Amino acid sequence: RARIFAPGGNQTLVVEKTANGWEDRDHGRVVAGIDIALWRLKELRVESEPVSRLSPPVEQRLVCELFAREEKPLAVFAFFVDNRLPPGQCWLKVGQEELFYPVGSQIIDDLLGHLPPRQPRPAAPSQGGEPVAGKP
């Protein structure tokens, strides 16, 4: 199975490989194109030397976790956008490695295209609302 999410967009997709293809566990629908996106993940090429640290204004755009039968992911791929990179590139961090690799950014668009629409974030409790029972 795979879990793909956009940290800043409150969007998550969990898909599981079945006889019918990759199925969205939450909505019971087949999600076409996941195989191609995962193939592109496998085919990513490092564009230049990795770096050990990213400096602002870098934004984490997407995370893709791949699982077997266990609850712990086998592999985690985190993608970061940085306008200082050449057009068409992003940073990739693999698992717990402390290196960031410049790779093609098309994979971000491919995977983001499979995510459900953004969900509204839960509203923060209002200030000065109803008093709590037993409190003045």
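Helices and strands here are DSSP runs, numbered from the N terminus. With that in hand, select S105: this residue sits in the loop between strand 8 (101-104) and helix 2 (106-112). Keep in mind that the model is predicted.

**Stop 1: S105**

Is S105 buried or exposed? Residues under 20% relative accessible area count as buried. S105 has 18% relative accessibility, so it counts as buried. Now show its neighbours. Leaving out residues up to four places away in sequence, S105 touches G88, Q89 and C90.

**Stop 2: the whole chain**

Zoom out and color by secondary structure. The protein has 2 helices and 8 strands. Starting at the N terminus, the elements run β-β-β-β-α-β-β-β-β-α. Switch to a surface view. The protein exposes about 9,100 Å², and carbon and sulfur atoms supply 53% of that area. Of the 136 residues, 35% are buried. Look at the contacts between residues at least 6 apart in sequence: 51% of them join residues at least 24 apart.

**Stop 3: the sheet**

Select the strands. In what order do the 8 strands of the open sheet lie? The order is 4-3-2-1-5-6-7-8, and the pairing is antiparallel. Strands of a sheet pair through backbone hydrogen bonds. Go to the edges next. These are strand 4 (29-30) and strand 8, each of which pairs on one side only.

Pick L92 and look across: L92 stands opposite Y101 in strand 8.

**Stop 4: helix 1**

Select residues 34-42, which form helix 1. Which residues of this helix are buried? They are I34, A37, L38 and L41. Look down the helix axis. The buried residues fall within an arc of 95 degrees, so they line one face of helix 1. The spacing has a background. An α-helix has 3.6 residues a turn, so residues three or four places apart point the same way.

Turn to the face away from the buried side. There you find the exposed residues I36 and K42.

**Stop 5**

Center on L41. Not counting residues up to four places away in sequence, L41 touches C64, L66, F77, F79 and I107.

**Stop 6: the salt bridges**

Show the charged side chains. Side chains of opposite charge can pair when their charged atoms come close. The count comes to 8 salt bridges. Visit three of them.

Start with R40 and D110. Their closest N and O atoms are 2.5 Å apart. This pair links distant parts of the chain: R40 is in helix 1 and D110 is in helix 2, 70 residues apart. R40 counts as partly exposed, at 34% relative accessibility. D110 is buried, with a relative accessible area of 16%.

Move to E43 and R45. This salt bridge has its closest N and O atoms 3.3 Å apart. E43 is partly exposed at 29% relative accessibility. R45, at 53%, counts as exposed.

Finish with R84 and D82. Here the closest N and O atoms of the salt bridge are 2.9 Å apart. R84 has 46% relative accessibility and counts as partly exposed. Is D82 buried or exposed? D82 is buried, with a relative accessible area of 9%.

Conventions
Residues are numbered from 1 along each chain as its sequence is written. This is a predicted model: local features need pLDDT of at least 70, side-chain atom pairs count only at pLDDT 80 or more; totals for chains, interfaces and linings use all residues. Side-chain values use heavy atoms; hydrogens and water are left out. Helices (H or I, at least four residues) and strands (E, at least two) are DSSP runs, numbered from the N terminus. Buried means under 20% relative accessible area, exposed over 50%, partly exposed in between (1.4 Å probe, protein chains only). Contact means heavy atoms within 4.5 Å. The arc is that of the directions from the helix axis to the C-beta atoms. A salt bridge is a side-chain nitrogen of Lys or Arg within 4 Å of a carboxyl oxygen of Asp or Glu. Accessible areas come from the Shrake-Rupley method with a 1.4 Å probe; for residues, only the protein chains shown count as cover. Two strands pair if DSSP finds at least two bridges between them.
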